[in-house]
Amino acid sequence: MGKYTLIITEKPDAASRIAAALDIEGRGKRNVDRGVPYYQAYSDGNLVVVPALGHLYTVAAKNKPRGGFPIFDYEWVPRYLAEKGASRILVWLKVIAKLAENADCFVDACDYDIEGSLIGYCILKYACGGKEQNAKRMKYSTLTRDELRESYNHLLPTLDFALVQAGLARHEVDWLYGINLSRALTSAVKKNSGQYAVLSTGRVQGPTLKFLEEREKTIGCFVPTPYWMLIAKIIVGDFALDAEYEKILERKLDAAQIIAECKIGKGEVDSVVGEEFYVQRPFPFDLGALQSEAYRLFKYTPSKTSSIAQQLYLNALISYPRTSSQKLPPTIGYKDILGKLAEIQIYKKQASELLSKPSLKPNEGPRFDSAHPAIYPTGDLLGNPLENAERNVFDLIIRRFMAVFGEPAIRQSTKIIVAVNGNKFHLGGVKTLKAGWIRLYEPFDQIKDVLLPSLSVGQKVTVKRVVVKTSFTKPPPRYNPRSLLLKMEKENIGTKATRAATIETLQDRKYVCGAGNFSISELGFEVVDALTKYSPTIVSPEMTKNLEKEMADIQEGKVTKESVLKNAVSILKPVMSKLKANESVIGQRLSGTLQQVRFDEKTVGACPKCVDGKLIILRSQKTGKRFVGCTNYFKENKCHATFPLPQKGALKRLNSPCKSCGSPMINVRFGRRHSWKLCLNPDCPDKKEAKQ
Amino acid sequence: MKCKVCVRETEEAGFCSLHLRAYRNVLEKFGAWRRASDLGWMEYLVAIQKNSLTGGWAKEVVEHLIKDENGHVE
């Protein structure tokens with residue numbers, strides 16, 4: 001093959017699709033060089049499509065000993081030089097560099113967003129020998145054949161340098177904050193106790209942890225107050241209805257008095273007010289809304305939804321998911337997509353109904369993303385069936401897409417007031433008159449009808465009894481993955497692409513406990529407390545919000561990358577000085593907590609023999625084998641209780657004891673998929689039963 | 001000086017910042033409880049100590065106040 005156009009993609013799946021879409025015969029030829037796949041295709045000339053593996057370059061310290069801080073000098077380097085376990089990148093870059101030698105034209109076909117633009121830019125600049133200024137750019141939102149061909153036929157003449165600059169700034173600012181703050185914490189602990197622990201924080205992690213800390217404090221310091229609600233049990237024909245007293249009562253005596261007044265057993269309808277209202281169609285999904293809805297419906301974490309959506313995109317089933325847009329421009333071809341959906345049995349009815357409308361107009365939200373529209377299905381299906389989770393998210397995206405084209409729903413609310421000896425009780429009902437878009441979104445809608453019997457003013461009703469319900473004010477709920485993501489979005493910290501990963505990092509660092517409802521751990525508490533005390537700027541959402549805005553301004557050409565970095569460093573420098581000056585106090589506090597956390601991790605439960613001791617996982621000094629022993633062994637040899645443990649697999653304490661014998665239980669996990677629960681008691685009846 | 005309830009440093013009124021916040025809540029909500037049920041200080045403390053919605057730090061403060069005669073408020 002002579003000279004060719006080298007097309008660079010972000011991931012191998014995208015390379016395969018682009019090669020197949022651009023090749024005149026519809027199939028790119030797959031080659032593999034030292035484990036790196038690339039594709040040859042022919043369109044208007046020879047094409048070679050080579051994928052990256054996400055980011056191949058990263059920011060790293062320049063001339064600074066490992067572990068030292070503060071660091072303000074950095075450079076962009078191949079990832080294999082900065083990260084352990086990234087040796088594969090070296091081969092990958094060699095293959096790309098070799099392919100670049102014979103190329104006479106370069107096209108960046110990475111995803112059209114900050115990250116994609118940065119990936120392409122770095123490869124063109126560093127691996128292809130400075131081709132970033134001459135390269136062209138493919139811009140597309142779906143990996144469908146038609147859109148890819150259209151995009152290739154109308155290449156943008158240059159890279160989007162504003163996006164690239166914004167990407168460079170984001171990575172450099174995040175690196176500066178992340179490396180310096182994390183090293184400050186890690187070093188404080190190391191110097192104080194000699195222990196090594198990965199403690200991290202950053203400009204997004206800090207404020208997010210602060211949200212969790214503030215919520216935990218509100219819950220932990222909460223004192224409820226009582227209030228009373230009165231419910232009148234009303235009988236109307238076959239209906240037994242619960243009518244609520246018009247007010248919430250703050251005095252127990254008042255409740256008792258009203259109950260006494262209502263003992264007459266009869267009531268009269270005082271008023272009936274009906275009101276029709278519209279329920280507007282939802283907006284199309286941006287990534288945040290999709291993550292939020294997938295958590296509500298399926299309890300998928302934001303990062304799980306994000307990776308499922310990415311896979312659906314790579315399979316050309318949906319458009320690019322990392323978007324903040326709530327717009328669906330007509331150019332995506334509403335009718336074509338609905339036409340394809342109408343050929344799928346389960347969407348046939350809804351899609352055909354929409355196609356019969358004289359015109360299609362989606363209900364768009366206010367948010368706009370210059371790079372991509374809102375998430376929409378391409379209308380295509382895969383040959384192979386999707387896995388359950390993928391199918392759920394795909395189905396959700398399709399139904400939401402159809403719902404945004406539906407008619408507004410019309411509902412009617414009814415409020416009936418029943419007077420019982422002068423005391424007013426309310427009955428509330430709601431009925432759907434015209435389902436509109438709700439039918440298109442079923443079964444994912446949240447709308448339920450509450451039906452009331454027909455009642456008229458002056459009508460007498462039987463009041464069986466009035467009951468009092470004592471309640472207490474409640475603390476706010478703990479954040480869950482959905483509400484934390486929404487909070488981050490509302491406060492504008494992080495980006496659509498990074499928020500889910502930030503939440504995961506907080507879990508990995510053990511700052512946060514629980515998978516559903518997050519509570520902040522002791523360690524998380526200490527970290528955020530230390531940062532609040534010695535560098536409050538770092539945990540302030542304001543600081544991050546302002547930096548986010550500045551970085552968005554780079555994208556719009558309002559400010560330069562250099563000025564944003566200068567500002568970021570000017571905020572960071574005094575923070576680092578203060579952390580350094582207080583290193584010993586911070587180290588002392590964090591070391592104590594870390595020690596406790598590590599002890600808790602090893603603790604399995606209470607010792608069944610001596611009762612006041614704790615069972616912990618230990619290793620024999622003689623044999624190196626692990627076992628469970630009692631802490632009282634170390635106190636004058638008081639307790640000799642020991643239990644054997646399997647020597648392989650990761651161990652984790654289970655909170656609930658054995659159902660048969662009440663002994664502590666642990667979970668033993670092998671690899672990602674295999675795990676089993678083990679009761680520590682060798683004489684557990686369950687084990688004997690299993691043996692027999 | 002250490003907090004009356006935990007090992008953290010005292011901020012005000014003998015409490016660390018966390019227990020101080022909880023203590024202030026305990027004091028503040030007494031009025032509402034007294035109006036609601038005509039409870040005395042000690043009855044109030046016992047009621048919120050038993051209540052599952054009372055936060056952990058608030059309960060620690062309540063336990064301390066129940067033991068501490070000087071913490072009596074009327």
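1. Contact between domains 2 and 4. In this predicted model, seven residues of domain 2 of chain A are in contact with eight residues of domain 4 of chain A. On the side of domain 2 of chain A that touches domain 4 of chain A, four residues are nonpolar and three are charged, with no polar residues. The centres of domain 2 and domain 4 of chain A, taken over C-alpha atoms, are separated by 35 Å.

2. Division of the chain. Chain A is divided into domain 1 (4-159), domain 2 (168-220 + 492-592), domain 3 (226-276 + 409-434 + 446-471), domain 4 (287-403) and domain 5 (602-691).

3. Overall content and extent. Chain A holds 21 helices and 23 strands. Its C-alpha atoms fill a box of roughly 100 × 85 × 65 Å along the principal axes. Of the 692 residues in chain A, 40% are buried. Among contacts in chain A between residues at least 6 apart in sequence, those joining residues at least 24 apart account for 67%.

4. A four-stranded sheet. Four strands of chain A form an open sheet in the order β17-β18-β19-β20, and their pairing is antiparallel. At the edges lie β17 (603-606) and β20 (642-644) of chain A, each of which pairs on one side only. From one strand to the next, the twist averages 30 degrees.

5. The pairing of β17 with β18. Strand β18 of chain A comprises residues 614-619 and pairs with β17(A) in the antiparallel sense over three bridges. A:Ala606 has A:Lys614, in β18(A), as its bridge partner.

6. The setting of A:Asp369. This residue is placed in the loop between α12 (345-355) and α13 (388-403) of chain A. Is A:Asp369 buried, exposed or partly exposed? A:Asp369 has 18 other C-beta atoms within 10 Å. A buried residue would need 20 or more, and an exposed residue would have 12 or fewer; A:Asp369 is therefore partly exposed.

7. Neighbours of A:Asp369. Leaving aside residues up to four places away in sequence, A:Asp369 touches A:Thr323, A:Ser324 and A:Ser325. As for A:Val420, it is 51 residues from A:Asp369 in sequence, and the two are 57 Å apart in space, C-alpha to C-alpha.

Notes:
Residues numbered from 1 in each chain as written. Chains lettered and ligands numbered in written order. Predicted model: local features only at pLDDT ≥ 70, side-chain atom pairs only at ≥ 80, totals over all residues. Pairing = 2+ DSSP bridges. Helix = DSSP H or I, 4+ residues; strand = E, 2+ residues; numbered from the N terminus. Axes fitted to C-alpha atoms, helices over the stretch in contact; angles between N-to-C directions. Domains from an automatic or database assignment. Contact = placed C-beta atoms within 7 Å. Nonpolar A, V, L, I, M, F, W, Y, C, P; charged D, E, K, R; others polar.
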